[in-house]
Amino acid sequence: MNERNGDAADGHERPGTTGQAGRRQATAPRNTEDALGRAWDELVATARRTVADGLVVGTSGNVSVRVGDTVLVTPTGVPYDRLTREDLVGVGLDGRQVLGSLRPTSELPMHLAVYRATDARAIVHTHAPHATAASLLVPELPLVHYMAAAMGGPVRVAPYAPYGTPELAENTLRALAGRTACLLQNHGTIAHGASLDQAYDRTAQLEWMCRVWLLASSVPGLAPTLLSPDQLAEAGERLKGYGQKG
């Protein structure tokens, strides 16, 4: 989560300049600066979308995108509607801040752990209500829908650990093994993808599946019909050919 009491430092950096954590060069090459600026704009738009779609409240949750060896992340405690191009925040894979003066999200350890361990290029973390509710009830989301195949299989729940801790990062990696999304117990969701659009789509699909399961489970005297592993595997093969080609 983005801590609400984590007020940003004063002052801002233009995209392509190093922040207070390191000033070894004054500016980045123009093409790199442009790529970072475009990626930041997309990140901010995705972060605002999580609020508009009810997946986060206030400044909870966070979004990141990897550009080369730089990870752009939402800053801690700053409402997304206030973010501009000048508020760009970037860190290296070692966690050292290399861009901007605002402090990165408190969930940075979790984001970096995923980038180091997977081929993820973007990450969306939310406190989506139905997904968070499901995380309180089961160690793994029941197979209520074939879209679980798009996430690599049954969606696991990472055991609870305080936000921003190495323990949470480790629990998350275990739950994500062979998966592109998981639930965080008593916390929310995390999903990654090859792009911000893909990471966001997986986040939204996971919230929808959790909602379906909760609704079906709430009918007295009845239990949801679940897919078998074979049915899920078949769906996974069919999904490989889904969408437009070329």
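A residue is called buried when its relative accessible area is under 20%, exposed when it is over 50%, and partly exposed in between, as found with a 1.4 Å probe and protein chains only. The structure above is a predicted model, in which local features need pLDDT of at least 70 and side-chain atom pairs count only at pLDDT 80 or more, while totals for chains, interfaces and linings use all residues. Residues are numbered from 1 along each chain as its sequence is written, and side-chain values use heavy atoms, with hydrogens and water left out.

The protein has six helices and eight strands, where helices (H or I, at least four residues) and strands (E, at least two) are DSSP runs numbered from the N terminus. Of its 246 residues, 50% are buried.

Side chains of opposite charge can pair when their charged atoms come close. Four salt bridges are found in the whole structure, each being a side-chain nitrogen of Lys or Arg within 4 Å of a carboxyl oxygen of Asp or Glu. One of them joins D41 and R85, with 2.3 Å from N to O; D41 lies in helix 1 (residues 30–52), whereas R85 lies in the loop between strand 2 (70–73) and strand 3 (90–92), 44 residues apart. D41 is partly exposed at 34% relative accessible area, and R85 is partly exposed at 32%.

Another salt bridge pairs R66 with D69, whose closest N and O atoms are 3.2 Å apart; here R66 is buried at 17% relative accessibility, while D69 is exposed at 55%. K240 and E237 also form a salt bridge, at 2.9 Å between the closest N and O atoms, with K240 exposed at 58% and E237 exposed at 51%.
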